[in-house]
Amino acid sequence: MTSLETQVVVVGGGVTGVAVLRDLALRGVPAILVDRSDFGTGTSGRWHGLLHSGARYAVRDQESARECIQENTVLRRIAAHTVEDVGGMFVLLPSDDPAYAKQFTAGCEQSGIPVEELTAAEARQREPLLADRIEAAFAVPDGGIDSWGLIRSMVADAEARGCLALQRHPVVGFERDGDRLTAVRVHDKAAGEDRLIGCQWVVNAAGAWAGRVGELAGVPIHMIAGKGVMVVMASRYVRGVVNACRKPADGDIIVPQHEVAILGTTSVQVPDPDDISVDPADVDRMVDMCAQMVPSIGHGRVLRAFAGSRPLYKPPSQQAQDGGAAGSGGDTREVSRTFTVLDHASRDGLANMFSIVGGKLTTCRQMAEHLVDQLAPRMGVTTPCTTATELLPGADHGYHQLAGPLARIEAEGAYGELVCECELVTRDQVRDAIAAGVTELEDLRRALRLGYGPCQAAFCAWRAAGALCEHADADADAEARLPDPRGALERFLQERWRGQVSAVWGDQARQTLLNQAIYRGIFDLEATGEYDEAGLFAGLAAGESAAPGPDRAAPADGGDPSRRVGDELVGESEGRAASRPAEGRATSRPAGGTA
Ligand SMILES: Cc1cc2nc3c(=O)[nH]c(=O)nc-3n(C[C@H](O)[C@H](O)[C@H](O)COP(=O)(O)OP(=O)(O)OC[C@H]3O[C@@H](n4cnc5c(N)ncnc54)[C@H](O)[C@@H]3O)c2cc1C
């Protein structure tokens, strides 16, 4: 078994863990971060992409609101290149409670969030696709932020300062001597062996999985996994973030992210943070509710749907007061979005471990600062925190611009070199990323946005797999390091298809099936060793004659029947919301609290 030695081991490579790593690095403390997978594959890769102004929490959760507006300002400065400065708006519809608007503006003022009331004409000038009738609109400094860009920059900065970050090294246990942890046992997935990392301190930043890591160390942490489903539309629809001016509830926010819009979200407690399944009914509800603010969304093309688990935490005192958490299946919007640092010395008699739980992506830097401010004096470190002022690499380029990638392609004259036309990813970018150590196509997706666009990797997947092969052919060391390209292709495509299963209908479902059939057939993805045309299309033929799925009504116009194809895709006619019977559509607005 190989071993490493450091001062602090940070568990979890989401935004919180990498922010802790960077904070330690800036204070000169040697540290190693480990994640069970690629960085940003937990909740930090499964969220809306909203740089909160805090306005969403201004009425019910002002502590979180204040944290958000402070960090909104800091991230705009230190991580400008990952921020899209699109602004945000809260719109009051005729069906909303006008009293909420008053509470909202008062809450924003009390929390220090700049808020400006807009006339209907001003609101429509900013957002031309808004509903015809709105009662009021308020502008706030919301923004968009790219979490993978943020994570990459923080890891790069921390590594440049001597720290180390290891992907695909899940923590599988701890070595303990009396009241101290002496080493963290990780499993190196690439090498297929366990490694020990000797250390003086452990920081548990495993988000929704913090309870499981706590269990391995023998400390109880009661996390509440709050699943949220989000829907990706095939274009942006809005110029800035559009929120409903009401208590946070399902389908009340539209966030423009790169070329798409993300609609959100549900908030339901699930027993397992790895439960990221999506119910088609949630997709319908999200689209219907967001279409009340921007009607054209109701007739738009849904690209995919996905879900993530909020790392929510209630202190034991609060749990006792309200008789426990929301309960499995319960709404988790009442749980505060603020964060808590757990010192396991005073709490559990484990002298050298801290956990950090709760919070928002927007507040990750502040979370790290609070934790390291408690940890540093115990290590004898007096260097103050500088993460709020030290720019991340790339931040001096200013805000991310939507047209930036196109400008780069034009400047480089690289049109003929595109691997992914939707996201404007070039062959050189793919080659450079592989040469820099990226081995999985899935990681290329997070690094370069490969496969995110309207074709959902139909055209780029095989080209990127080809680049992996070329690299392996040219370099014997790389060949040993790189995974079987066909396996990488299959994992990459499975992830794309998974997001489409509960979200696409009609002709789009047929197109997705055809893409699958082509890929499975040409690349023999099921490794049968032969091209099985009859088998490939058997599922499709079976689906053609299948009865309508139990959760899908036949369209009211008597057109194309609902279809279930090989139990993979559930479809009905194109223009789903428009063609569904009125009684089947979500009309009531669920009560809510915090999103
Ligand atoms: C639906 C939804 C929408 C959201 N929208 C927003 C928003 O718009 N704005 C905002 O600011 N926040 C938003 N959030 C909240 C935000 O995404 C999270 O608070 C944040 O990403 C949590 O980051 P984290 O680093 O604490 O957790 P994670 O990103 O989950 O990181 C934890 C890491 O620990 C790793 N890990 C787990 N077990 C182990 C182990 N045994 N060994 C090693 N590693 C392990 C995981 O792989 C993971 O990478 C949203 C959350 C959800 C669910």
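How far is an oxygen atom of the ligand from an N or O atom in the side chain of Asp35? The distance is 2.6 Å. The model is predicted: local features need pLDDT of at least 70, side-chain atom pairs count only at pLDDT 80 or more, and totals for chains, interfaces and linings use all residues. Residues are numbered from 1 along each chain as its sequence is written, and side-chain values use heavy atoms, without hydrogens and water.

**View 1. Residues around the ligand.** The ligand is surrounded by 35 residues (a heavy atom within 4 Å). Thr16, Asp35, Thr43, Ser44 and Thr362 are the closest. A polar side-chain atom of Thr362 lies 2.7 Å from a ligand oxygen atom. For His52, a polar side-chain atom is 3.4 Å from a ligand nitrogen atom.

**View 2. An open sheet of six strands.** The order is β10-β3-β2-β14-β22-β21, with mixed pairing. Strands are DSSP runs (E, at least two residues) numbered from the N terminus; two of them pair if DSSP finds at least two bridges between them. The edge strands, β10 (164-166) and β21 (339-343), each pair on one side only.

**View 3. Strands β2 and β14.** Residues 8-11 form β2 and residues 201-204 form β14. The two run parallel, joined by four bridges. Val11 has Asn204 as its bridge partner in β14.

Notes: A polar contact is a pair of N or O atoms within 3.5 Å; within protein, one must be able to donate a hydrogen and the other to accept it, and residues adjacent in sequence count only if both atoms are side-chain atoms.
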